[in-house]
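Subject: The structure, and what turned up in it

Hi there,

Here is the structure I promised to send over.

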Amino acid sequence: MKIDQIRKNAYAMPFHNPSYPKPPFRFVNREYFIISYETDLDALQAVVPEPLRVDSGLVHYEFIRMPDSSGFGDYTESGQVISVVDEHGNKGSYTHAMYLDDEGPIAGGREIWGFPKKLATPRLSVDGRDTLLGTLDYGTQRIATGTMGYKFRELDIETERRKLAETPNFLLKVVPHVDGSARVCELVRFYLRDVSVLGAWEGPAALELHAHALAPVADLPVKRVVGARHIISNLTLDIGEVVYDYLEPTEYVKLAAND
């Protein structure tokens, strides 16, 4: 291969057979089961990166079915999202942990945006005809179980669409150098685009988390479940932008000034 050929075609690993295509990615009939719960505030502050700040004691535990996603295929995901506030006082969501069952979105999510993704076995289904059931297994161990009354009460579709479309999402992206040090260490922001909500419901819910050394979802313990939502939507996962470079801290001032 010529040097110019490498430069022109390099965008993902492996170079000769990338694990995923270029973004953006379109999702059809994407199904969310989100349980919001109160946790320990000190535990949240220990994992939310500055310059973000914890907005409240809320964590949103998610089970997500993605049966039709361009470039990524058919897969399921589960993990924790934290309510945060940025340096300008804008509310947003910080993705703390995600576990999924498909190599393409694990590699692409980590390498492009910095999603904190690991391989596991999440599932989302209807159990016993009247219960929405989400589970997460890491290896042979069950580490999360969420339940909700199936389609108990309808939610306003436009309100849920705005939440998905207008909320900034933040990620801590780390890419190592060949010597093991950080080559990239950035706070990334992205938005979901072209969002339509096909249905949205709420209902009584419960969530159980179990300790695990390599999948520590229980480190943000459940104090009280405050609500749950079940949403079916179509949306596009758009490209991201760097809002803070931890290796070049002064860069944030310049980016923020142009925001």
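What follows is a walk through the features found in this model, which is predicted.

**The cores**

Let's start inside. The largest nonpolar core has 34 residues, and the members that touch the most others are Phe-33, Tyr-61 and Tyr-99. Strand β2, residues 53-69, is the top contributor to this core, with four residues. If you click on Phe-33 and ignore its neighbours within four places in sequence, you will find it in contact with Tyr-61, Glu-62 and Phe-63, with Leu-124, Leu-132 and Gly-134, with Gly-146, Thr-147 and Met-148, and with Ala-228 and Arg-229. There is also a second, separate core of 28 residues, and Tyr-32, Leu-100, Leu-155 and Ala-200 are among its members.

**A buried lysine**

Next, have a look at Lys-117, in strand β5 (residues 117-119). Is this lysine buried or exposed? Its relative accessibility is 6%, so Lys-117 counts as buried, the cut-off being under 20%. What does its side chain meet there? One partner is the side chain of Glu-77, with which Lys-117 makes a polar contact at 2.9 Å. The charged end of Lys-117 also sits over the ring of Phe-115, 4.8 Å from the ring centre. Beyond four places in sequence, the residues that Lys-117 touches are Glu-77, Met-98, Leu-100, Pro-105, Ile-106, Gly-109 and Arg-110.

With a relative accessible area of 28%, Pro-116 is partly exposed. Thr-95 is 21 residues away from Pro-116 in sequence, yet their C-alpha atoms are 7.4 Å apart. Thr-95 is also one of the residues Pro-116 touches, along with His-96, Ala-97, Met-98 and Leu-171, again leaving out anything up to four places away in sequence.

**Aromatic rings**

The whole structure holds nine aromatic pairs. In one of them, Trp-113 and Phe-115, the ring centres are 5.9 Å apart and the planes meet at 70 degrees, so the pair is edge-to-face. Trp-113 and Phe-115 are both buried. They also belong to one aromatic cluster together with Phe-25, Phe-72, Tyr-75 and Phe-190.

Another pair, Tyr-244 with Tyr-246, is tilted, with 4.7 Å from centre to centre and 55 degrees between the planes. Tyr-244 is buried at 17% relative accessible area, whereas Tyr-246 is partly exposed at 24%. A ring can also carry a charge above it elsewhere in the model: the charged end of Arg-30 sits over the ring of Phe-27, 4.6 Å from its centre.

**One side of a helix**

Which residues of helix α4 (residues 157-166) are buried? They are Glu-160, Leu-164 and Ala-165. These residues cover an arc of only 130 degrees around the axis, so they lie on the same side of α4. Among the elements that cover them are β1 (25-38), β12 (192-202) and β14 (224-237).

Thr-135 lies in strand β7, residues 131-138, and is buried at 7% relative accessible area. Apart from neighbours within four places in sequence, Thr-135 is in contact with Phe-63, Thr-121, Pro-122, Arg-123, Arg-142, Ala-144 and Thr-145.

Val-225, in strand β14, counts as partly exposed at 25% relative accessibility.

**Backbone details**

Finally, a few spots to check along the backbone. Where are cis peptide bonds found? One joins Met-13 and Pro-14, with omega at about -10 degrees, and Pro-14 is in the loop between α1 (3-9) and β1. Another joins Glu-50 and Pro-51, with omega at about 5 degrees, and Pro-51 is in the loop between α2 (41-45) and β2.

Lys-151 is not a glycine but has a positive phi of about 50 degrees. This lysine is in the loop between β8 (141-149) and β9 (153-154) and counts as partly exposed at 34% relative accessibility. Asp-194 also has a positive phi, near 50 degrees. Asp-194 is in strand β12 and, at 59% relative accessibility, counts as exposed.

Note on methods: Residues are numbered from 1 along each chain as its sequence is written. This is a predicted model: local features need pLDDT of at least 70, side-chain atom pairs count only at pLDDT 80 or more; totals for chains, interfaces and linings use all residues. Side-chain values use heavy atoms; hydrogens and water are left out. A nonpolar core is a set of buried Ala, Val, Leu, Ile, Met, Phe, Trp, Tyr and Cys residues joined through side-chain atoms within 4.5 Å. Buried means under 20% relative accessible area, exposed over 50%, partly exposed in between (1.4 Å probe, protein chains only). Helices (H or I, at least four residues) and strands (E, at least two) are DSSP runs, numbered from the N terminus. Contact means heavy atoms within 4.5 Å. A polar contact is a pair of N or O atoms within 3.5 Å; within protein, one must be able to donate a hydrogen and the other to accept it, and residues adjacent in sequence count only if both atoms are side-chain atoms. Rings of Phe, Tyr and Trp (its six-membered ring) pair if their centres lie within 6.5 Å; planes under 30 degrees apart count as stacked, over 60 as edge-to-face and the rest as tilted. A charge sits over a ring if NZ of Lys or CZ of Arg is within 6 Å of the ring centre and within 35 degrees of the ring normal. The arc is that of the directions from the helix axis to the C-beta atoms.
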